[in-house]
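Please read them with the structure open.

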Amino acid sequence: MAAPAPTVSTVSVPPFQINPVHAPAAADVIAALQDIVVSHLSDNLQRLCGMGGLRRIHGSKKLVGTAVTVKTRPGDNLLIYKALMMMQPGHVLVVDGGGEASNALVGELIMLYAQQRGCAGFVLDAAVRDTAAFAEADFPCYARSVSHRGPYKNGPGHINVPVAIGGQVVSPGDIVVGDEDGLVSFPQAQAESLIAAARKTQSYEDAIKAEIANGRVEQEWLARVLSPFGL
């Protein structure tokens, strides 16, 4: 008599996981970050953090806000609709769409609704469309690519879970900052110390600019780099 087949246990994973949003970062923190370039934040994050490979779709407006994250099936934006309804002024929609470039997950209509909700901008590891509308509104939007094809709306997906965006893990409630050089994110608890460090970097670079202006070939900032190597 043949032995009975082994019992296979299965774990049922719900198609949707929706967690509460985190409160937006304090207004004074957001205001301070508006005056700090991303490169100085990056330098003080040990040059290891940041979201790579995303394009700036809008004009020149800086992105500063607090992450509301979405993990969605590539090409599907159902959970984006729900996340937008949960957002508060100052939140940033951060979407892990698996880097899929075939179907745009947001466009002009979603942008207009997000603006009314006080959303500070979009960061999507996915495609977008209606790029002219984003440029005209100068609504901060960073995306992997552009596609005219619209999305599916079936799920599954998760809201406010850690997501991976261009090599960076972004957690719900993290602060996101983007400018012409790219994007960084970091926990709110690090904000004050990071702002202080970035301001020191700015002062240091201002001193170097003043030295460059004197026109001399021999300069201290160059010597600091070259001297340890006998150069």
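**Notes on the predicted model**

1. Charge. The protein chain carries 18 positive and 21 negative side chains, and the centres of these two sets are 6 Å apart. The structure is a predicted model, and the values below are computed from it.

2. Overall build. The protein chain contains seven helices and 12 strands. Its C-alpha trace spans about 90 × 55 × 35 Å along the principal axes. Of the 231 residues in the protein chain, 43% are buried. The accessible surface amounts to about 12300 Å², and carbon and sulfur atoms account for 56% of that area.

3. Contacts along the sequence. Take the contacts in the protein chain between residues at least 6 apart in sequence: 76% of them join residues at least 24 apart.

4. Leu183. This residue is in strand β12 (residues 182-186). Leu183 counts as buried because its relative accessibility is 5%, under the 20% cut-off. Val64 is 119 residues away from Leu183 along the chain, yet their C-alpha atoms are separated by 9.8 Å. Not counting residues up to four places away in sequence, Leu183 touches Val38, Gly50, Met51, Leu54, Leu63, Val123, Tyr142, Val176, Val177 and Gly178.

5. Ala198. Helix α6 (residues 191-212) holds Ala198. With a relative accessibility of 2%, Ala198 counts as buried. From Ala198 to Val37 the C-alpha distance is 8.5 Å, while the two residues are 161 apart in sequence. Once neighbours within four places in sequence are left aside, the contacts of Ala198 are Ile36, His40, Leu41 and Asn44.

6. Aromatic pairs. How many aromatic pairs are there? The count comes to three. One of them is formed by Phe122 and Phe134, with 6.1 Å centre to centre and 65° between the planes. This pair is edge-to-face because its angle is 65°, and over 60 degrees counts as edge-to-face. The pair links distant parts of the chain, with Phe122 in strand β6 (residues 121-128) and Phe134 in helix α5 (residues 131-137), 12 residues apart.

7. Cysteines. How many disulfides does a search of the whole structure find? The search finds zero. Cys119 is in no disulfide: the nearest cysteine sulfur belongs to Cys141 and is 9.6 Å away, whereas a disulfide needs the two sulfur atoms within 2.5 Å. Cys119 is buried, at 8% relative accessibility. Cys49, at 30% relative accessibility, counts as partly exposed.

Technical notes
Residues are numbered from 1 along each chain as its sequence is written. This is a predicted model: local features need pLDDT of at least 70, side-chain atom pairs count only at pLDDT 80 or more; totals for chains, interfaces and linings use all residues. Side-chain values use heavy atoms; hydrogens and water are left out. Rings of Phe, Tyr and Trp (its six-membered ring) pair if their centres lie within 6.5 Å; planes under 30 degrees apart count as stacked, over 60 as edge-to-face and the rest as tilted. Helices (H or I, at least four residues) and strands (E, at least two) are DSSP runs, numbered from the N terminus. Buried means under 20% relative accessible area, exposed over 50%, partly exposed in between (1.4 Å probe, protein chains only). Contact means heavy atoms within 4.5 Å. Accessible areas come from the Shrake-Rupley method with a 1.4 Å probe; for residues, only the protein chains shown count as cover. Lys and Arg count as positive and Asp and Glu as negative; His and the chain ends are not counted. The place of a charge is taken as NZ of Lys, CZ of Arg, CG of Asp or CD of Glu.
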